[in-house]
Amino acid sequence: MSTAGKMIRCKAAVLWKPGAPLDIEEIEVAPPKVEEVRIKIVATGICGTDMRSLEKKEFTHLCPIIIGHEGTGIVESVGEGVSTVKTGDKVIILCLPQCGKCNTCLNSKNNICTEIKLSMTHLTSEAGSRITCKGKLVHQYVSIGTFSEYTVIKEMSVAKIDEGAPLEKMCIIGCGFATGYGAAINSAKVTPGSTCAVFGLGGVGLSVIIGCKAAGASRIIAVDINKDKFVKAKAVGATECLAPQDFEKPIQQVLFDMMSGGADFCFEVTGNPDTVETVLASCHKDHGVCVIIGAIASWVSLNLNSQLFFSGRTLKGSALGGWKPKEEIPKLVSDYMAKKFDLEPLITQTLTLNKINEAVQLMKNGQCIRCVLLP
Ligand code: PAD
Ligand code: ZN
Ligand code: ZN
């Protein structure tokens, strides 16, 4: 029996207070309005950014909220005016929107659509939220909220993907993989034969390594304080692995010496503000490019020694790997189907949504790369 036009009652992992465990609750998900799409979530990953949001005191006023932004699903129904997806389509959820109309969307080089302002409200649309729980309005993290059986999102934040694509793996393309892989290919533009250093070996950092390897880098040095991450880093393409605590010299000095002046391309993928200066200093003094991927809290100002810029180094940011979401993320899914890269090493656990607190604990303990949650 079709559920289109009706309220759907289903389960979601709801955050009632930052830092508290998630509660599996029954929620009500209203039908989609104009330019909105209601999606049955099939799989969702947990990203480092979700981990930060679960603890974020600044989210107190947004609670109850459904976190999660790395997801795939099947379109249950669409609101008026929706033309790019239809009921039954396999889709990937986009953690950055692409409205197709703003200055960013009309510029072929840019990818941060001005409609990102909606994501900052953590609501379905300007008209509020389609989700309620125990009579309260529920926010959706970056206007998405994938830790749920159903969600309603704007058409500009969802894209149809290949019919044959395995949704339980494709979810991690939605943020982690696209972000890391694209940071190497699009943001840094890693060149064949170059040297790279990647700081932080979670799902995003490992995807940077996959991107560096695909771009033909000859040396990829993986750096993490957690040595358990080294096996996977080597499996996806790292040529050497270093733990900063194993050296007497600062790690940037180690890298400077190893590569006669520093690495051609360096990536910050820890989200730790103190690491930024180290990563920048690890870049080649004459031409090194440093890409900051790690999401650092908005109120943090970086402390960078001015002498680092008495050089030819470049410091730049990267959001969702520089991809134009609606246009290019489905192409990454097709590239996976064409076996251009492998995602299996990144998915270390699969659990059901009601075990989400176990998955969060695995991430906290550094025991997992990506844990995929299924309904
Ligand atoms: P993760 O928590 O799985 O991985 C972080 C890794 O960094 C872990 O392996 C840690 O052990 C390691 N680490 C922590 N501190 C240090 C240190 N001082 N030196 C070396 N290694 C360290 O997270 P993730 O891979 O899912 O995400 C990584 C970051 O990327 C995180 O900050 C997240 O918020 C950010 C992100 N940014 C975007 C974007 O568009 N820019 C998208 C997705 C995620
Ligand atoms: Zn736009
Ligand atoms: Zn993410």
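**Two ligand sites in a predicted model**

Let me begin with one histidine: His69 is buried, with a relative accessible area of 3%. Please keep in mind throughout that what we are looking at is a predicted model.

What does His69 do at the zinc ion, ligand 3? Its NE2 atom coordinates the ion, together with the SG atoms of Cys47 and Cys175, at 2.0 to 2.3 Å. Along the chain these donors follow the spacing C-x21-H-x105-C.

Now to ligand 1, which 27 residues surround, the closest being Gly48, Thr49, Asp224, Leu320 and Arg370. Which kinds of residue make up this shell? It divides into 11 nonpolar, 13 polar and 3 charged residues.

Several contacts involve oxygen atoms of the ligand. A polar side-chain atom of Asp224 lies 2.7 Å from one such oxygen, a polar backbone atom of Leu320 is 2.9 Å from an oxygen of ligand 1, and for Gly203 a backbone N or O atom lies 3.2 Å from a ligand oxygen. Taken alone, ligand 1 exposes 880 Å², of which the protein buries 83%. As for where the shell comes from, the elements giving two or more residues to it are helix 1 (48-55) and helix 6 (203-214).

Key: Residues are numbered from 1 along each chain as its sequence is written. Chains are lettered from A and ligands numbered from 1 in the order in which they are written. This is a predicted model: local features need pLDDT of at least 70, side-chain atom pairs count only at pLDDT 80 or more; totals for chains, interfaces and linings use all residues. Side-chain values use heavy atoms; hydrogens and water are left out. A residue is near a molecule or strand if one of its heavy atoms lies within 4 Å of it. A polar contact is a pair of N or O atoms within 3.5 Å; within protein, one must be able to donate a hydrogen and the other to accept it, and residues adjacent in sequence count only if both atoms are side-chain atoms. Accessible areas come from the Shrake-Rupley method with a 1.4 Å probe; for residues, only the protein chains shown count as cover. Helices (H or I, at least four residues) and strands (E, at least two) are DSSP runs, numbered from the N terminus. Ala, Val, Leu, Ile, Met, Phe, Trp, Tyr, Cys and Pro count as nonpolar, Asp, Glu, Lys and Arg as charged, and the others, Gly among them, as polar. Donors are N, O and S atoms within 2.8 Å of the metal (3.2 Å for Na, K and Ca); water is not among the atoms, so sites may look incomplete. Buried means under 20% relative accessible area, exposed over 50%, partly exposed in between (1.4 Å probe, protein chains only).
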